[in-house]
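My notebook is open and I am going to look up a few things in this structure. Here is what I start from.

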Amino acid sequence: MVTIWYGLLGLFFAAYLVLGGYDYGSGLLLARSADRRKVLTAVGPFFLGNEVWLVAALGILFGAFPMLEGELLAGLYPAVAPALAGVLVVTAAVQLRSRAAAGGAVWDRAIIGGSALAALGWGAVLGGLLQGVPLHQDGHVAGVGHILTPFAGASAVTLLTLTALHGAAFLALRLPGGGHARTGRRLVPWALAAVAATTVAGILSSRVREAVQRPAFTLLLLCLLVAALVVAGGALARGRPGVGFAATSVAMAVPVAVAGLSMWPYALVSTVDPAASLTVAEAAASGPTLRLLSWLAVPLIPVLLSFQVMSWWIFRGRIDGRAPVYW
Amino acid sequence: MDPLLLARLQFATTASIHFLFVLVTLGLVTLLVYLQTAWLLTRKPVYERLTRFWGTFYLVNYALGITTGIVMEFQFGLNWSGLSRYVGNVFGAPLAIETLVAFFLESTLLGMWIFGWHRLRRGVHLALLYGVAITAYASAFWILVANSWLQHPVGYEERDGVAHLTDFGALLTNPAFGNAFGHVVSAALTTGGFLMAGIASWQLIRRTRDYEAFRKSLRIGVVTATFGITMAVGFGFAQFGYLGEIQPTKFGNDEDKAAAAADFAARFGGSPTDYLPPAWVGAPLGFMILIAFTLMWVWVFIPFFYRDWIIRLKFPLVLLMIATPLPFAAAIFGWFFRELGRQPWVAYGLLHTEDAVTKTSGAVMLTSFTALLLVLVLADWVLLARVAHRGTADPALGRRPDEPHPEPADRPEPVLGPIGGTSW
């Protein structure tokens, strides 16, 4: 049961990076878009339904893995804080931008900056997970400087490039003729370079080498990531934005799988005291809590999914002059 | 600075601000359900204008409601990791349920409601709003289950210093929960009612172009406020009956207080005075009751509906405008009493506040977070004032897609007519 809940946690966070990722990616591309209102209209109906995956993932983390929640968020504070700040700024700015009479440019800059912060921050969080934290036996994490490594920095930049590419693929699909496919195609080599740089930084870092329990499996996931990026580049070049978007979605989800599965059976590896490392089973809530949540999740998750699918179905298709404009 | 004090200050600030938005969200969504249902049934255009106007106001408020809510959720892990470590097995469950059952659906449905005008059938579109309202109430329900557990821990057993869930039903029948939930919901209705009446009064005083819509808003607001404040006072006093029993150091008589403090000192060490809340904790309670009794007078305005005396006499409008911020103040005072009164416990009689705080000191980050939030909140309030000021003329919400839509960002602000420039 613990494994299922760990999988659900990963699934919700990966869904957040895929769905919220194109919000932030589109937000980043506002910097290069002539018609910003159209970009926001393309994201429009999905925006509120995308961020909820983060909140739900956090709810699962708190409810099903209370031991992990405090240590993970507090231990990776310097990475979580900018991610959270970015999320807040984007959440507020997208919704308020068009309600302001003046200052639209300020709100736009807030969306661009917030999207960049969110992407960099979540990248650093995933990188931070892979390199472990100085977790002590009593459950507290010493200091905050441990996260500042080349590997965490490379992870942050990688997620930023992936996010921008993902946003370009989404816009190529929703807003054909906006030149977004070309932007996406140009971003692919950057994304590949960033993935390569992060991999090298990871191999050179002794902390990452020690934390990763099954390097072969991690390598396999990285091959999947590279393949997804290559497919995305090819599809965008051939005018197949649907395939391109599917491929970049895979590329956004793979980093979560890398961070979640490479260290199995550990959920959080300690760099100072191997005995303090937290396994997934230790991190989980006790039996009665998990049973209660499971009874609830069985009917609930299909309902949640069906409302999301309903939203995608109602507002599917390309943006034209008849699309409702609100943001 | 002391990380405990900073973490507490930050929690107090963000929780108070979050609750201001929650009050409006809960109160207005209820009134929106009424307005849009009336529109569907009567097909009167005034109800369409009202739904779109109050819908826009609701959405601008909701933007910061989510933003501050996300901060609240992260704060538990960032600043209060002891909370998840020692009581997370029990306290985490209602919070997890809230995010999945309530918030997740609320936002998904709301996204469809905003963009679904003219695309979905009217009945379906209204059903989405009902869904938003139900999930908003569900959200309040589960958050209060979680908060009530901290006030009065039940349904658990302690093993090796960690609380484990034994009886989830006990969390729902917790004496600290039922009346508090009724109290919060009626406070939200009160706030929504006074807000609607206050903004309508402002529009009517400056001789609005849409007299019909704001006359209706005024009436709906006053009736809702009357109903809400009566219920809020009832649910408030109902809690006095047992509060001294479940939290003697907060609301017991002097003997019970001393006995409970001595008992805590004997069980957990320290002196009995360490287990008493600050002496002035009764003050916020007093202020809240004072405001509530003032607001109770709102029913007096109902007879003035006759021949629109409430508008023609003008002074009721002025009084209603002055009253608009009062329910917010009362709600914050109420939470101060509830939350400060249980100190030094974060979970009453189970976990000290100082044992729950994260050891890592991130003082600079804490303060910059709160500063960022405050900037966003202020910007939001300015926009809310602007929405209220503009009135019902062509909000973007629910505009027909084939209508030409002006680009708000590129358009100069229309010059507002002088007060009294148009006739009623």
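**Entry 1: helix pairs in chain A**

I started with two helices: the crossing of α1(A) and α6(A) is left-handed. Left-handed is the label if the near helix is turned anticlockwise from the far one by less than a right angle, and right-handed goes with clockwise.

Before going on, I noted that this is a predicted model, where local features need pLDDT of at least 70 and side-chain atom pairs count only at pLDDT 80 or more, while totals for chains, interfaces and linings use all residues. Residues are numbered from 1 along each chain as its sequence is written, and chains are lettered from A and ligands numbered from 1 in the order in which they are written. Helices (H or I, at least four residues) and strands (E, at least two) are DSSP runs, numbered from the N terminus.

Back to my pair. I found that the axes of α1 (residues 2-29) and α6 (residues 104-131) of chain A come within 7 Å and cross at roughly 140 degrees. That is why α1(A) counts as oblique to α6(A). The cut-offs: under 35 degrees is roughly parallel, over 145 roughly antiparallel, 65 to 115 roughly perpendicular, and the rest oblique. The axes are lines fitted to C-alpha atoms, for helices over the stretch in contact, with angles from 0 to 180 degrees between N-to-C directions.

Which residues of α1(A) make the contact with α6(A)? I listed L17(A), Y24(A), G27(A) and L28(A). From α6(A), I noted several, including I111(A), G114(A), A118(A) and W122(A). (Contact needs C-beta atoms, placed from the backbone, within 7 Å.) The residues of this contact split into nine nonpolar, three polar and no charged. Here Ala, Val, Leu, Ile, Met, Phe, Trp, Tyr, Cys and Pro are nonpolar, Asp, Glu, Lys and Arg charged, and the others, Gly among them, polar.

Next I looked at α5 (residues 77-96) of chain A, which packs on α6(A) at about 150 degrees with the axes 7 Å apart. So α5(A) is roughly antiparallel to α6(A). I wrote down left-handed for the crossing of α5(A) and α6(A) too. The contact of α5(A) with α6(A) has 20 nonpolar residues, six polar and no charged.

**Entry 2: where the chains meet**

How many residues does each chain give to the contact? I got 69 from chain B and 63 from chain A. On the chain B side, α2 (45-79), α3 (81-115), β2 and α16 (363-390) each give two or more residues.

I found β1 (156-159) and β2 (162-165) of chain B pairing in the antiparallel sense over four bridges. Y156(B) sits opposite L165(B), and R159(B) is opposite V162(B). On β2(B), A163(B) and L165(B) make the covered face, with V162(B) and H164(B) on the uncovered one.

I kept one reminder on the page: most residues other than glycine have a negative phi, and most peptide bonds are trans.

W264(A) and P265(A) are joined by a cis peptide bond, omega about 5 degrees. P265(A) is in the loop between α11 (241-261) and β1 (266-268) of chain A. I noted another cis bond at Q343(B) and P344(B), with omega about 5 degrees. P344(B) lies in the loop between α14 (326-340) and β3 (345-347) of chain B.

R307(B) is not a glycine, yet its phi is positive, about 55 degrees. Is R307(B) buried or exposed? It counts as exposed because I find 8 C-beta neighbours inside 10 Å. (Buried is 20 or more other C-beta atoms within 10 Å, exposed 12 or fewer, partly exposed in between, with C-beta atoms placed from the backbone.) K314(B), also not a glycine, has a positive phi of about 70 degrees. K314(B) is partly exposed, with 13 other C-beta atoms within 10 Å.

Last, A393(B), in the segment after α16 of chain B, is 340 residues from F53(B) in sequence but 8.2 Å away in space, C-alpha to C-alpha.

Technical notes: Two strands pair if DSSP finds at least two bridges between them. Two residues are in contact if their C-beta atoms, placed from the backbone, lie within 7 Å.
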